[in-house]
Amino acid sequence: MLGGRNAARVNNVFFSPKATVRCAGEPIFRSRAARDLGCLLDVDPQIETWECLPLKLRLRDAGHIPDFLARYFTGEVRLVDACELTGDPEIAAAAARMGLVHQFVSRPEREAGWRLRNARDLLRYGNFRCPLGDRIRVMSALDEFGSFTVAEGLTLFREAPPMAGLASLILQRILTVDLDDELINPDSTVRGAER
């Protein structure tokens with residue numbers, strides 16, 4: 001069953017940040033590593049939606065439930081697991097028997113650069129929605145200037161708390177900011193997302 005309602009239940013232990021943006025269904029994370037990977041899925045511009053613990057793969061003596069099923073805008077569907085360094089090739093083979101691609105994402109891959117830290121910071125505001133007036137003000141500024149810094153952008157908000165509004169627009173893919181090369185800071189450049 002592809003994309004079923006959580007093939008197996010696990011104790012829903014809380015790992016911050018609590019909010020998700022593109023998770024379809026209940027966010028359930030069995031480890032800190034899985035939660036970190038979920039943060040990265042939320043800010044991946046190629047991913048349309050993802051879901052937790054989607055199905056059970058049959059292995060020789062047991063089964064395995066992948067951490068996530070990710071759906072890409074291209075139509076690709078991929079099973080994804082967080083691992084420490086390397087994953088079990090038998091799991092990838094079991095996915096292939098079902099006609100699915102499986103990917104392990106190691107700890108060094110998850111923690112490379114600033115993307116994970118920036119994703120965690122942004123997702124603190126994942127449940128916030130920017131009011132229409134502020135959104136229009138920000139988009140008008142982008143139309144006029146093409147880009148602005150985070151510090152300049154914060155001055156555009158009148159209805160919402162500025163950082164919450166800015167983070168919300170980034171998470172909704174209305175705005176973009178570089179998440180890889182540096183920690184988001186006052187001088188980070190904000191641009192409009194491609195439409």
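Modeller: A patch joins residues with over 30% relative accessible area and no salt bridge, like charges within 9 Å and nonpolar side chains (Val, Leu, Ile, Met, Phe, Trp, Tyr) within 5 Å. In a salt bridge, a side-chain nitrogen of Lys or Arg lies within 4 Å of a carboxyl oxygen of Asp or Glu. The model is predicted: local features require pLDDT of at least 70 and side-chain atom pairs 80 or more, while totals for chains, interfaces and linings use all residues. Numbering starts from 1 along each chain as its sequence is written, and side-chain values use heavy atoms, without hydrogens or water.

Glu 152, Asp 178, Asp 181, Glu 182 and Asp 187 form a negative surface patch. Among them, Asp 181 sits in the loop between β8 (175-177) and β9 (189-192). With a relative accessible area of 62%, Asp 181 is exposed (over 50%; buried is under 20%, by a 1.4 Å probe with protein chains only).

Strand β4 (residues 68-72) is mostly covered, with 4 of its 5 residues buried. Strand β1 (residues 47-52) runs antiparallel to β4, joined by 5 bridges (pairing requires at least two DSSP bridges).

The chain as a whole contains 7 helices and 9 strands (DSSP runs of at least four H or I residues, or at least two E residues). Of its 195 residues, 43% are buried, and its C-alpha trace spans about 60 × 30 × 30 Å along the principal axes.

Note on methods
Accessible areas come from the Shrake-Rupley method with a 1.4 Å probe; for residues, only the protein chains shown count as cover. Lys and Arg count as positive and Asp and Glu as negative; His and the chain ends are not counted. The place of a charge is taken as NZ of Lys, CZ of Arg, CG of Asp or CD of Glu.
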